[in-house]
Amino acid sequence: MNITNISELGKLIKETRKSQGLTQADLAISANVGVRFIVDLENGKETAQIGKVFQVCQMLGLKFELEG
């Protein structure tokens, strides 16, 4: 999947979370972030906390591949 913006990433995270039967609270606890962060991320709110984005993706089993 080619993600080009934070909104698309948020949508993917939400779909993946739901497909795994996780609530936003479940994911927040597993990824060691706040529920508010998950809500904002799934809604495509831009954030400078890229480390937390990676934590959430890692917990869901999502991987990044960057191309130059």
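Predicted model: local features only at pLDDT ≥ 70, side-chain atom pairs only at ≥ 80, totals over all residues.
1. The side chains of Arg17 and Glu42 pair in it, at 2.6 Å from N to O. Arg17 belongs to helix 1 and Glu42 to helix 3 (residues 35-42), so the pair ties together parts that lie 25 residues apart in sequence. The count of salt bridges comes to 3. Side chains of opposite charge can pair when their charged atoms come close.

2. Next, the packing of helix 1 (residues 6-19) on helix 4. Their axes come within 10 Å and cross at roughly 35°. The crossing is left-handed.

3. Which residues of helix 1 and helix 4 meet? From helix 1 come Leu9, Ile13, Thr16 and Arg17. From helix 4 come Val53, Val56, Cys57 and Leu60. By type, the residues of this contact divide into 6 nonpolar, 1 polar and 1 charged.

4. Finally, the surface. Ile50, Phe54 and Phe64 make a nonpolar patch of about 300 Å². Of these, Ile50 lies in helix 4, which covers residues 50-60.

Conventions
Residues numbered from 1 in each chain as written. Heavy atoms only, no water. Patch = residues over 30% accessible without salt bridge, like charges linked within 9 Å, V, L, I, M, F, W, Y side chains within 5 Å. Areas by Shrake-Rupley, 256 points an atom, 1.4 Å probe, with all protein chains shown as cover. Salt bridge = Lys/Arg side-chain N within 4 Å of Asp/Glu carboxyl O. Helix = DSSP H or I, 4+ residues; strand = E, 2+ residues; numbered from the N terminus. Axes fitted to C-alpha atoms, helices over the stretch in contact; angles between N-to-C directions. Left-handed = near helix turned anticlockwise from the far one by under 90°. Contact = heavy atoms within 4.5 Å. Nonpolar A, V, L, I, M, F, W, Y, C, P; charged D, E, K, R; others polar.
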